[in-house]
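Subject: Structure handover and notes

Dear colleague,

I am passing the structure on to you with this email, and below it you will find my notes on what turned up. Please read them with the structure open beside you.

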Amino acid sequence: MRLGSEAPGPGAVRHPVFARYYARVSVGADARLGFAGVRGRLLAGLSGRVIEVGAGNGLNFGRYPATVAQVVAVEPEPLLGRLARESARRAPVPVDVVPGAAEALPVESGAFDAVVLSLVLCSVRDVARALEEARRVLRPGGQVRFFEHGRGGGPAMRLTQRALDRTVWPALAGGCH
Ligand SMILES: C[S@@+](CC[C@H](N)C(=O)[O-])C[C@H]1O[C@@H](n2cnc3c(N)ncnc32)[C@H](O)[C@@H]1O
């Protein structure tokens, strides 16, 4: 395990403009869009060792229950990784932020009680590989907790989403689909 390393690894993701934008708007969005409550429900009841994949600027860190012994937070974007390290210092449980990608988690197999994915699978290039990795690193009986977004409800929304997805959206939103 490469815990403690801050150098961007081979899976580094570089979205400097999006990273600055996300760092600025995400805190307000948590309150405005009700994400804060969802994050609380996402993490409630977790215990033991947790790996959070694509941790961003660390908005979940303050919400881990005291029953969690350690969070390994994997973040491939350098600016968001730095912000996550700052957030980790204020967290109520030990959080180690490491570079790495969902498709090749830099940790050993079967070592975690839970995998947390929050607003990240939309941006991952190879979702099937990322889910295989989540399974690999979980102990038998471990949990995957996820908070993700997807296709909208009505035909007009779906059409709009498809058009944006094929044009500007991924470039503007850090690879989000
Ligand atoms: C919308 S942000 C969400 C951040 C955080 N999880 C949250 O809930 O606020 C998407 C995150 O996924 C990360 N990401 C993008 N591609 C990734 C990959 N292949 N593996 C892991 N994380 C990735 C981005 O760097 C960014 O931190």
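A residue is called buried here when its relative accessible area is under 20%, exposed when that value is over 50%, and partly exposed in between. Please keep in mind throughout that this is a predicted model.

With that cut-off in hand, Gln 70 counts as buried, because its relative accessible area is 14%. Gln 70 belongs to strand β2, which covers residues 68-74, and its side chain makes a polar contact of 2.7 Å with the side chain of Asp 96. Ala 44, by contrast, is partly exposed, since its relative accessibility comes to 44%, and it is found in the loop between α2 and β1 (48-53). Between Ala 44 and Arg 82 there are 38 residues of separation in sequence and 26 Å in space, taken from C-alpha to C-alpha.

Next, the aromatic rings. A pair of such rings is described by how far apart the centres are and by the angle between the planes. The model has 2 aromatic pairs. One of them joins Phe 35 and Phe 147 in an edge-to-face arrangement, with 5.3 Å from centre to centre and 85 degrees between the planes. This pair links distant parts of the chain, as Phe 35 sits in helix α2 (residues 35-43) and Phe 147 in strand β5 (residues 138-147), 112 residues apart. The two partners fall into separate accessibility classes: Phe 35 is partly exposed because its relative accessibility is 22%, while Phe 147 is buried because its value is 11%. Another ring, that of Phe 112, has Arg 49 lying over its face, at 4.5 Å from the ring centre.

Finally, the ligand. Around it are 18 residues, of which Tyr 22, Arg 39, Gly 54, Glu 75 and Ser 118 come nearest. Sorted by class, this shell holds 10 nonpolar, 4 polar and 4 charged residues. As for individual polar atoms, a side-chain atom of Glu 75 lies 2.6 Å from an oxygen atom of the ligand, and a polar backbone atom of Gly 56 is 3.4 Å from a ligand oxygen atom. A nitrogen atom of the ligand, in turn, is 2.8 Å from a polar backbone atom of Ala 102. Of the 600 Å² of accessible area that the ligand has on its own, the protein covers 96%.

Definitions and conventions
Residues numbered from 1 in each chain as written. Predicted model: local features only at pLDDT ≥ 70, side-chain atom pairs only at ≥ 80, totals over all residues. Heavy atoms only, no water. Phe/Tyr/Trp six-rings, centres within 6.5 Å; stacked < 30°, edge-to-face > 60°. Helix = DSSP H or I, 4+ residues; strand = E, 2+ residues; numbered from the N terminus. Buried < 20%, exposed > 50% of the residue type's maximum accessible area, 1.4 Å probe, protein only. Lys NZ or Arg CZ within 6 Å of the ring centre and 35° of its normal. Near = heavy atom within 4 Å. Polar contact = N/O pair within 3.5 Å; in protein donor to acceptor, adjacent residues only side chain to side chain. Areas by Shrake-Rupley, 256 points an atom, 1.4 Å probe, with all protein chains shown as cover. Nonpolar A, V, L, I, M, F, W, Y, C, P; charged D, E, K, R; others polar.
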